[in-house]
Amino acid sequence: MSAPADDTPVVEFTDATLALGDRTLWQDLNLAVHPGEFIAVLGPNGSGKTTLLRAVLGQVPLTSGTLTLHGRLGYVPQQHADDSDAMALRGRDLVGFGVDGASWGIGWRGRRERAARVDAAIAEVGATAFAEQPLGLLSGGEQQRLRIAQALTDDPAVLLCDEPLSSLDLRNQRVVVDLLDARRRARDTAILFVTHEINPVLPYVDRVLYLVDGRFRIGTVAEVMNSATLSELYGSHVEVAEVAGRLVVIGGDTDAGHHHCDDQGQS
Ligand SMILES: Nc1ncnc2c1ncn2[C@@H]1O[C@H](COP(=O)(O)OP(=O)(O)OP(=O)(O)O)[C@@H](O)[C@H]1O
């Protein structure tokens, strides 16, 4: 059991500031991520979304304030072709990296347990049928399922997801989001989801953390994703419209290329 039975936050930033060189990415951040919560982290390029995940992973120290973790972390990266290993590695090898990579030479019992954890994670994401194939022969969506399986092998209390839908078609985006949501519901796993595009996850998002140029807002979708709040955050006029159940954000720091339309990276 990695997730606490109570509502103790799995990740908690308290008065946290992170500055890199002379740039402050955020200041006085207070954010408690609770078990089972789905938090979307939004903001233009370079606003510090990935760095926030790296801070949670312990790769970047806070400049001030504290970060408290309760439970294990799982990490789901972007889909990308890994040319060097794609044909040499099978799907299940990738998942196996999620189990302690240093555990070779652990004896038969350890090896059996390791295999059982890998099998369980592969089954959880519905990848049993293709897990023995070389990664290079699998589609982007199949590879992303296996990356989620890798993140699940350690029974995480929180999944840190860095644009896991990028370069996936709409059908595969839905498959990946549904897998994450199913895990969240089954095990109360919290999800910290960095994305440029809120619409694919809109039905699942409990709160949004929106970063812009050293400032931020935290709240429900309704509280943050509106014209008044985003205009204040960007310091220029931003229009948020709801079109057929989707959010379209127009304006803001257009140089940063931030836009919520599916097929447009630039405003
Ligand atoms: N180790 C570092 N030292 C100095 N600057 C850094 C370091 N790591 C990241 N940065 C800078 O911090 C800023 C935030 O980067 P980050 O990758 O977190 O942004 P992001 O919001 O994830 O952007 P994108 O949407 O483009 O992925 C960028 O300007 C980046 O160049």
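1. Ile-39 stands opposite Leu-192 in strand 7, where strands are DSSP runs of E with at least two residues, helices are runs of H or I with at least four residues, and both are numbered from the N terminus. Strand 3 (residues 38–42) and strand 7 (residues 190–194) pair in the parallel sense over 4 bridges; two strands are taken to pair if DSSP finds at least two bridges between them. This is a predicted model, in which local features need pLDDT of at least 70 and side-chain atom pairs count only at pLDDT 80 or more, while totals for chains, interfaces and linings use all residues. Residues are numbered from 1 along each chain as its sequence is written.

2. The sheet that holds this pair is open and is formed by 6 strands in the order 5-6-7-3-8-9, with mixed pairing. Its edge strands are strand 5 (73–76) and strand 9 (215–219), each of which pairs on one side only. From one strand to the next the twist averages 15°, with axes fitted as lines to C-alpha atoms, for helices over the stretch in contact, and angles running from 0 to 180 degrees between N-to-C directions. Helix 4 (residues 140–152) lies across strand 5 and strand 6 (158–162), and runs at about 165° to strand 5.

3. Strand 8 (residues 207–212) and strand 9 run antiparallel and are joined by 5 bridges, with Val-208 standing opposite Gly-219 in strand 9. The hairpin of these two strands has 2 residues between the strands, and Asp-213 takes a positive phi near 50° there.

4. A further hairpin is made by strand 10 and strand 11, with 2 residues between them, and Ala-244 in its turn has a positive phi of about 50°. Strand 10 (residues 238–243) and strand 11 (residues 246–251) run antiparallel and are joined by 6 bridges; the bridge partner of Ala-241 in strand 11 is Val-248.

5. An open sheet of 3 strands has the order 2-1-4 and antiparallel pairing. Strand 2 (23–33) and strand 4 (64–69) stand at its edges with a single partner strand each, so one side of each is left without a neighbour in the sheet. The twist in this sheet averages 25° from one strand to the next. Strand 1 (residues 11–20) is joined to strand 2 by 7 bridges, and Glu-12 stands opposite Ala-32 in strand 2. Helix 1 packs on the sheet, touching strand 1, strand 2 and strand 4, and its direction makes about 120° with that of strand 1.

6. Helix 1 (residues 49–56) also contributes the largest share of the shell around the ligand, 3 residues. Among the residues that surround the ligand are Leu-20, Leu-25, Asn-45, Lys-49 and Thr-50, a residue being near a molecule if its C-beta atom, placed from the backbone, lies within 6 Å of it. By class, the shell has 2 nonpolar, 8 polar and 1 charged residues, with Ala, Val, Leu, Ile, Met, Phe, Trp, Tyr, Cys and Pro counted as nonpolar, Asp, Glu, Lys and Arg as charged, and the others, Gly among them, as polar.

7. Ser-167 lies in the loop between strand 6 and helix 5 (170–187). With 14 other C-beta atoms within 10 Å, Ser-167 is partly exposed, the class between buried (20 or more such atoms) and exposed (12 or fewer), with C-beta atoms placed from the backbone. Ser-167 and Gln-79 are 88 residues apart in sequence, yet 6.8 Å apart in space, C-alpha to C-alpha.

Conventions:
Two residues are in contact if their C-beta atoms, placed from the backbone, lie within 7 Å.
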